[in-house]
Amino acid sequence: MNEEKLVDYIYRYCKHELSDKEYTELNSWLEKDINRYKFEDYLKLYKNGRKIGCWRAVNETVAWNRISDRISHVSPVKSPRIKFWWRYAAVVVCVLGIGLAFYHLAEDKTTDLGDVTTQIAPGSRKAVLHLSNGSEVALGNGASGVLTEKNGVKINYAEEASLTYETAESAGEEMVYNKIVVPRGGEYSLILADGSEVYLNAESELTYPVAFKGKERKVTLKGEAFFKVKKDQKHPFIVQSNYNKIEVVGTQFNVSAYNEKYIKTTLVEGAVKVANDKEMQLLKPGEQAICSSNSLEVKNVDTQIVIAWVQGVFEFENMKLKEITEQLGRWYDVEFVFVNPELEEIIYTGAVTRYHDLGFALNLLKELSDLQFILEGKLVKVVKRK
């Protein structure tokens, strides 16, 4: 492998953009020690380019062995939410600089919260479906079955599969709505009657018709969701979130509407129109609209970072600790309190899988700064390390 190709592979490896074929080629090339050492040197250059504030000495061999072991024993998971998660396990090392190596070391030494925090498991696949008659159905935790709405639409749900809607020919013109509510510590996916896919993050709600009627396909979102909209030129797909309106024909995009003051729409593929009561913007792939009630700003972003949660990863770049703990709090169903307010402003760049216990993520943050996390029930206090 020549240097130009290696540099390209290093960059796309760290951005988790290699294809399966390319990853296999790279893995074979790395079987020789001389190639592996060259690879690690380029990783160090990439780390410096990411400008992470703290790089502590780690055992690179341990890190590499941990990654190789996971890759050789784990095949892609069938659930779309964590497909190819082993690539992200490698990203933890290349971006954070400690990642899996620290995970290995943490097994051999006690940390401030290690033994206690391991009891706080990551979120899981769960939600509550609200039917049109007011009844509620718990989803996840092994639940499966078939429901029938009053207009004859069938609703199928199972543990690992997405919730799906099967439109009846005799559904009629009445608009019948369902609402799916994903609690803190949960996630869920569904396929709407038109074939559009929706992935819902923790603490989110989606209200939608069980069968689309009329000129448009409209849903209402609270929280965060990633949409893969089925193309239909005659019936635009509309996502309403408070004052924010998103109109598409067929595309992939992410909407984050946790904050009441502003809503973020990130376009991955296709085109979308984002509007509030005062203006409208047409987004191109790689752009993000930040919409408030009276303003609409558009900027370029790394879409892979924005949608990493769909693949089972927390990924952040130049993000304040306050924002990071908000994400962790929703996923692990805990509340973070900053004893020292200035700690909220600490900036991090990195990535970590969502499917470890809370202690794994907190230990990584501690290694990159002089912090201590004190657990009291469902409350996590963030303080300066003594």
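Modeller: Buried residues account for 51% of the 386 residues in the protein chain. This is a predicted model, so every value here is computed from predicted coordinates. The secondary structure of the chain amounts to ten helices and 23 strands. Take contacts between residues at least 6 apart in sequence: 54% of them join residues at least 24 apart. The chain exposes about 18100 Å², and carbon and sulfur atoms supply 48% of that area.

Now the sheet. It is open and has three strands, in the order β20-β23-β22. Its pairing is mixed. The edge strands are β20, residues 335–338, and β22, residues 371–376. Each of these two pairs on one side only. On average, neighbouring strands of the sheet are turned by 25° against each other, direction ignored. As a reminder, strands of a sheet pair through backbone hydrogen bonds, in a parallel or an antiparallel sense.

Look at one of the pairings. β20 runs parallel to β23, residues 379–384, and four bridges join the two strands. Phenylalanine 338 stands opposite valine 382 of β23.

Valine 337 belongs to strand β20. Set aside its neighbours within four places in sequence, and valine 337 is in contact with Leu379, Val380, Lys381 and Val382. Valine 383 is 46 residues from valine 337 in sequence, and their C-alpha atoms are 8.9 Å apart in space.

Helix α9, residues 321–332, lies across β20, β22 and β23. Helix α9 runs at about 155° to β20. Helix α10, residues 358–367, also lies across β20, β22 and β23. For helix α10 the angle is about 155° to β22.

Next, the link from helix to strand. Aspartate 333 lies in the loop between α9 and β20. Its phi is near 55°, a positive value in a residue other than glycine. Most residues other than glycine have a negative phi. Aspartate 333 is partly exposed, with a relative accessible area of 30%.

Glutamate 203 also has a positive phi, of about 55°, and is not a glycine. Glutamate 203 sits in the loop between β8, residues 197–200, and β9, residues 204–209. Its relative accessible area is 37%, so glutamate 203 is partly exposed.

Last, the aromatic rings. Arginine 330 has its charged end over the ring of tyrosine 258, 3.5 Å from the ring centre. Arginine 125 lies over the face of tyrosine 188, at 4.2 Å from the ring centre. A search of the whole structure gives six aromatic pairs. Ring pairs link Phe212, Phe227, Phe237 and Phe253 into a cluster.

To recap the part you asked about: the open sheet has the order β20-β23-β22, helix α9 lies across its strands, and so does helix α10. The β20 and β23 strands pair in the parallel sense.

Notes. Residues are numbered from 1 along each chain as its sequence is written. This is a predicted model: local features need pLDDT of at least 70, side-chain atom pairs count only at pLDDT 80 or more; totals for chains, interfaces and linings use all residues. Side-chain values use heavy atoms; hydrogens and water are left out. Two strands pair if DSSP finds at least two bridges between them. Axes are lines fitted to C-alpha atoms, for helices over the stretch in contact, and angles run from 0 to 180 degrees between N-to-C directions. Contact means heavy atoms within 4.5 Å. Buried means under 20% relative accessible area, exposed over 50%, partly exposed in between (1.4 Å probe, protein chains only). Accessible areas come from the Shrake-Rupley method with a 1.4 Å probe; for residues, only the protein chains shown count as cover. Rings of Phe, Tyr and Trp (its six-membered ring) pair if their centres lie within 6.5 Å; planes under 30 degrees apart count as stacked, over 60 as edge-to-face and the rest as tilted. A charge sits over a ring if NZ of Lys or CZ of Arg is within 6 Å of the ring centre and within 35 degrees of the ring normal.
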